[in-house]
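Student: Hi, could you walk me through this protein? I'm new to reading structures.

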Amino acid sequence: MIKLVRVDHRLLHGQVAFSWTQSLGVDCILIANDDVPQNDIRKTTIKLAKPAGVKLVIKTIEDSISALQSGVTDKYKLFIVVESVADAYKLAKSCPEIKHINLGGMKVREGTRNISKAVNITPGEESLVKELIAEGVDIEIRQVPNDKKVAALDAF
């Protein structure tokens, strides 16, 4: 069961690893990213941030989609973390069971505008978010579970 998909440019770090994992009651974290599986430094850093007692799986976006579609992840309370809105979009379009996406940390990049304390979004990303919302996906902005939940549409 997918509990949450989170977009965070830092992927797994203290705030995500501990506050979200506890709040959601998950037993497995899936890092869905095309760079990390072959980048040993990033992979090691992510493994260091993993909370005790929680399974960590690192897969490419396509392998993540395949695993989600095959049902092998169904036995887990799953927290999926991606690095970008584009990656979250690919997952949500391929896996209709994704009903909730959290925008947690998106750094300043060329062409972005700030829509919350830690979220900076390009016009293209905003279009993808609006498309998913129109298809019934709940997209919210929050850094940590105790923050006030802000609907992404209210921030645009």
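Tutor: Happy to! Keep in mind that this is a predicted model. Let's begin with helix α4, which lies across β1, β2, β4 and β5 and runs at about 135 degrees to β4.

Student: Which strands does helix α3 lie across?

Tutor: Helix α3, residues 61-70, lies across β1, β2, β3 and β4. Its angle to β3 is about 125 degrees.

Student: OK, and in what order do the strands of the sheet come?

Tutor: The order is β3-β2-β4-β1-β5-β8-β9, an open sheet of seven strands with mixed pairing. At the edges stand β3 and β9, each with a single partner strand, so one side of each has no neighbour in the sheet.

Student: How do β2 and β4 pair, parallel or antiparallel?

Tutor: Parallel, over five bridges. One of the residues involved is alanine 32, whose bridge partner in β4 is valine 82.

Student: Switching topic: which residues of α5 are buried?

Tutor: Glu125, Glu126, Val129 and Leu132 are buried in α5. They sit on the same side of the helix, because they cover an arc of only 125 degrees around its axis.

Student: And what do they pack against?

Tutor: The buried residues of α5 pack against several elements, including α4, β5 and α6. On the face turned away from the buried side, α5 carries the exposed residues Pro123 and Ala134.

Student: What comes just after α5?

Tutor: Glycine 136 is found there, with a positive phi of about 100 degrees.

Student: Last one: what domain does UniProt list for residues 1-156?

Tutor: An unreviewed UniProt entry lists "domain: PTS EIIB type-4" for them. In this model, that span is 37% helix and 26% strand.

Definitions and conventions. Residues numbered from 1 in each chain as written. Predicted model: local features only at pLDDT ≥ 70, side-chain atom pairs only at ≥ 80, totals over all residues. Heavy atoms only, no water. Buried < 20%, exposed > 50% of the residue type's maximum accessible area, 1.4 Å probe, protein only. Helix = DSSP H or I, 4+ residues; strand = E, 2+ residues; numbered from the N terminus. Arc of directions from axis to C-beta. Contact = heavy atoms within 4.5 Å. UniProt positions renumbered as here; feature names shortened; annotations may be inferred. Pairing = 2+ DSSP bridges. Axes fitted to C-alpha atoms, helices over the stretch in contact; angles between N-to-C directions.
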